[in-house]
Amino acid sequence: MKPPVQKNEGQRIKVLWQYEILDTVPEEVFDDLTELAARICEAPIALITLVDEDRQWFKSKVGVTINETSRDISFCGHAIEQSDLFIVPDATLGKRFAKNPLVTSEPKIRFYAGAPLITPDGYALGTLCVIDKVPRELRPDQRSALRVLARHIMTQLELRRRSRELMNVHKQSAKMQSKLEQARADLAKVRRGLRSQKVRRKAAPRRKSKQLRRR
């Protein structure tokens with residue numbers, strides 16, 4: 001079954017693109033959190049996924065080499081519909097995932113647990129998920145850790161976003177300052193020109209008076 005589409009999907013996608021994280025290079029801070037999730041949950045595969053219009057893209061990954069999959073077959077497409085952990089103990093059971101290509105062929109998913117990455121405004125951008133090739137469950141401490149790590153990832157995304165916004169503000173401020181300084185320079189130039197004209201006007205009658213006295 002394809003993942004459902006949220007009612008606020010248009011706004012969710014808009015918010016996702018505002019983070020400017022899709023298709024960026026790997027970053028150590030995210031890779032460390034993914035590695036930690038895999039170790040704590042004792043899972044061979046762990047991913048930080050971001051779900052856009054057509055795909056789930058992996059910002060960080062452990063245990064796989066691919067960078068993305070279609071959203072239509074993604075587990076994370078279902079997970080972002082949840083406000084808490086989305087857990088599939090055995091993907092071969094039930095109609096939702098039994099015939100999914102990710103289950104019937106590599107990586108042959110059996111177990112999936114995903115914690116949604118939720119923005120301060122309540123939009124789920126993707127997940128921190130762990131995957132195994134055998135049916136299983138998470139212990140309570142592992143569930144708790146997965147939630148905490150997901151919140152840390154969202155904090156890092158927020159920091160990146162805020163930092164970029166501040167940089168843009170500084171750039172705009174620098175541009176405005178440059179324009180202001182140029183305007184001041186232009187005004188000073190105009191004033192100098194006006195003073196020069198006044199001086200010439202005052203000097204002209206004096207020259208005429210001297211000529212008359214000579215005659």
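**First stop: a loop between helices**

Select Asp23, which sits in the loop between α1 and α2 (helices are DSSP runs of H or I with at least four residues, strands are runs of E with at least two, both numbered from the N terminus). Before going on, note that this is a predicted model, where local features need pLDDT of at least 70, side-chain atom pairs count only at pLDDT 80 or more, and totals for chains, interfaces and linings use all residues. Residues are numbered from 1 along each chain as its sequence is written, and side-chain values use heavy atoms, with hydrogens and water left out.

Check the backbone of Asp23: its phi is near 65°, a positive value in a residue other than glycine. Asp23 is partly exposed, at 48% relative accessible area (buried is under 20%, exposed over 50%, partly exposed in between, using a 1.4 Å probe and protein chains only).

Now pick Glu20, in the loop between α1 (9-18) and α2 (28-40). Phi is positive here too, near 50° for Glu20, and Glu20 is partly exposed at 49%.

**Next stop: a cis bond**

Jump to Glu106 and Pro107: the peptide bond from Glu106 to Pro107 is cis, with omega near 10°. Pro107 belongs to the loop between α4 (101-104) and β5 (111-118).
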